[in-house]
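Here is a short briefing for someone meeting this structure for the first time. Look through the sequence and the model, then read the points below.

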Amino acid sequence: MLISRLMVVIMLAVAVSTAAAQQVYKRQNADGSVTYSDQPLPQAEVINLQPVPVTEFTTHPPVTTQTQTAMPTVTDAAAPMAQIIAPAQQAAVRANDGSVAVRWQTTPNPLPDGYQLQLRVDQRIAWQGSSQTELTLTDIDRGERRLQLRVLDAEGNEVSRSDTIVVYVLRANINSPALATGATSGDGGGNDGN
């Protein structure tokens, strides 16, 4: 019942919005129901509705922008590229002293003047330069490490990047009982037990 009343009010509001000069009449019936009409009813009260504002949408011509030169990407043949060739993807690198050797190659080789390489370990810059093709990283923590080379132009903008190489650095745990001072193996230094 409430829904039908609401529908009538909505329909009347729409009708009123199309013809702002019309009036709506509301009458309470003897059984308690309410009747709305756009025709005058006996014992009905007049409801003055404000016209519904109408918004007209205007169309604008498409915005034209100047064509910008896109930053060269790895797929761009003109952009110098770099690739890590050692260590291999998902290699386990034993480095008890934290040293990891990294080798790479560039295309073209050597890089054009003004271009530099940036070697990153876990997204942190570990080295930046242009003339090397290998480097030994030091103090690398044990665990999974992610290596990546980025090629930068003369302004320092990235023009390409290598695939990320995941390596697992293996280092002896300094808390290992085998490394404790005075630890020996066997029977305690050759004593035959006599």
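Arg-145 stands opposite Val-167 in strand 12. That contact belongs to the pairing of strand 10 (residues 143-152) with strand 12, which run antiparallel and are joined by five bridges. The model is a predicted one.

**Strand 12 and its other partner**

- Strand 12 covers residues 165-170 and also pairs with strand 5 (residues 91-94).
- This second pairing is parallel and has four bridges.
- Ala-92 has Tyr-168 in strand 12 as its bridge partner.

**The sheet 2-1-3**

- Three strands form an open sheet in the order 2-1-3, with antiparallel pairing.
- Its edge strands are strand 2 (34-37) and strand 3 (45-47), and each pairs on one side only.
- Neighbouring strands here are turned by 30° against each other on average, direction ignored.
- Strand 1 (residues 24-28) runs antiparallel to strand 2, and four bridges join the two.
- Within this sheet, Lys-26 stands opposite Tyr-36 in strand 2.

**The sheet 4-6-9**

- Another open sheet of three strands has the order 4-6-9, again with antiparallel pairing.
- Strand 4 and strand 9 (134-137) stand at the edges with a single partner strand each, so one side of each is left without a neighbour in the sheet.
- From one strand to the next, the twist averages 30°.
- Strand 6 and strand 9 are antiparallel and pair over four bridges.
- Val-102 stands opposite Leu-135 in strand 9.

**A general point on strands**

- In a regular strand, side chains alternate between the two faces of the sheet.

**The largest pocket**

- How much space lies in the largest pocket? The value is about 190 Å³.
- Twelve residues line the largest pocket, and the closest to its centre are Ala-82, Gln-83, Ile-84, Ser-162 and Asp-163.
- Strand 4 (81-86) and strand 6 (100-107) are the elements that give two or more residues to this lining.
- Which element gives the largest share of the lining? Strand 4 does, with four residues.
- By type, the lining residues divide into five nonpolar, five polar and two charged.

**Where the topics meet**

Definitions and conventions: Residues numbered from 1 in each chain as written. Predicted model: local features only at pLDDT ≥ 70, side-chain atom pairs only at ≥ 80, totals over all residues. Heavy atoms only, no water. 1 Å grid on protein atoms, 1.4 Å probe; cavity = no way out; pocket = protein on both sides within 12 Å on 5 of 7 lines; lining within 4 Å. Points joined across faces, edges and corners; volume = space filled by probe spheres on them. Nonpolar A, V, L, I, M, F, W, Y, C, P; charged D, E, K, R; others polar. Pairing = 2+ DSSP bridges. Axes fitted to C-alpha atoms, helices over the stretch in contact; angles between N-to-C directions.
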